[in-house]
Amino acid sequence: MNKNLLSIAIILLAVAIIFVNVWEKTASEENSEATSVDITKDESIPGVDLGEVQEGNQAPDFTLTTLDGEELKLSDYRGKKVILNFWATWCPPCKAEMPHMQSFYEENHEEVEVIAVNLTNMDKGEEAINTFVKDYELTFAIPLDEAGDIGMQYQAFTIPTSYAIDEDGIIQKKIIGPMDEAMMKSIVDGME
């Protein structure tokens, strides 16, 4: 009898998870549609073309200032694989992802660069970002998207959002949601 109840409970849990994921995807698509009503490809946002950021296309170049005050230009990383991540300090999935990202970076920084763009215009200020970086002992580049233009251009409407970019600067994969170290390795290995 207990095995039957356990089986039923597992099935109900699986159905609930599927329902929630489908519902979130539908809600996310509705939010994207609402956003596209406000911002379309026809409207002029300086430096932003919502149509060009997709798998198979060249990753749009950008220049941002890092948390350390250095200038970071995406095109300077040509010749190296890149994981381009968009995040904020208040985001629980981002918090869960960062230790995996740091561990992946420590083991793979010779072949893969990690660039974690903080959506500063949506965050709690530079002091909170500095505290987050120290608490998580992050050593990869943290550029600050203070105006929010790069996050908008890269369609980081749900965070974390990441892009796997190959050595030629071509977007190979877009990942919405947190990644773990094994997932990052699998994605990067798939760019061979």
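**Figure 1. The cysteine pair Cys-91 and Cys-94.** Both Cys-91 and Cys-94 are buried, a term that stands for under 20% relative accessible area, with exposed set at over 50% and partly exposed in between (1.4 Å probe, protein chains only). The two residues form a disulfide with their sulfur atoms 2.5 Å apart, where a disulfide is a pair of cysteine sulfur atoms within 2.5 Å. The structure holds one disulfide, and the link of Cys-91 and Cys-94 is right-handed, with 75 degrees about the S-S bond. The model shown here and in the other views is predicted, and local features need pLDDT of at least 70, side-chain atom pairs count only at pLDDT 80 or more, and totals for chains, interfaces and linings use all residues. Residues are numbered from 1 along each chain as its sequence is written, and side-chain values use heavy atoms, with hydrogens and water left out.

**Figure 2. The chain as a whole.** The secondary structure comes to five helices and seven strands, which follow one another from the N terminus as α-β-β-β-α-β-α-β-α-β-β-α; helices (H or I, at least four residues) and strands (E, at least two) are DSSP runs, numbered from the N terminus. Of the 192 residues of the chain, 39% count as buried. Among contacts (heavy atoms within 4.5 Å) with a separation of 6 or more, 71% are accounted for by residues 24 or more positions apart.

**Figure 3. The largest nonpolar core and Phe-86.** A nonpolar core is a set of buried Ala, Val, Leu, Ile, Met, Phe, Trp, Tyr and Cys residues joined through side-chain atoms within 4.5 Å. The largest such core has 47 residues, of which Phe-62, Leu-84, Phe-86, Phe-140, Ile-142 and Tyr-154 touch the most other members. The elements that give two or more residues to this core are β3 (81-87), α2 (92-108), β4, α3, β6 (161-165), β7 (171-176) and α5 (181-189). Leaving out residues up to four places away in sequence, Phe-86 touches a set of residues including Val-117, Leu-119, Ile-150, Tyr-154, Ile-159 and Tyr-163.

Figure 4. Thr-120 lies in the loop between β4 (112-118) and α3 (126-135), and it counts as buried because its relative accessibility is 16%. Apart from neighbours within four places in sequence, Thr-120 is in contact with Ile-129, Leu-144, Asp-145 and Glu-146. Tyr-77 lies in the loop between β2 (71-73) and β3, and, not counting residues up to four places away in sequence, Tyr-77 touches Leu-72, Val-82, Glu-113 and Ile-115. Tyr-77 and Ile-115 are 38 residues apart in sequence, while their C-alpha atoms are 10.0 Å apart in space.

**Figure 5. The second largest pocket.** On a 1 Å grid over the protein atoms alone, a pocket is an open set of points with protein on both sides within 12 Å along at least five of seven lines, a cavity is a set of points where a 1.4 Å probe fits but cannot get out, and lining residues have an atom within 4 Å of a point. The second largest pocket has a volume of about 170 Å³, a volume being the space filled by probe spheres set on the points, which are joined across faces, edges and corners. Its lining includes Thr-66, Asp-68, Asn-130, Lys-134, Phe-140 and Ile-142, and α3 provides the largest share of that lining, three residues.
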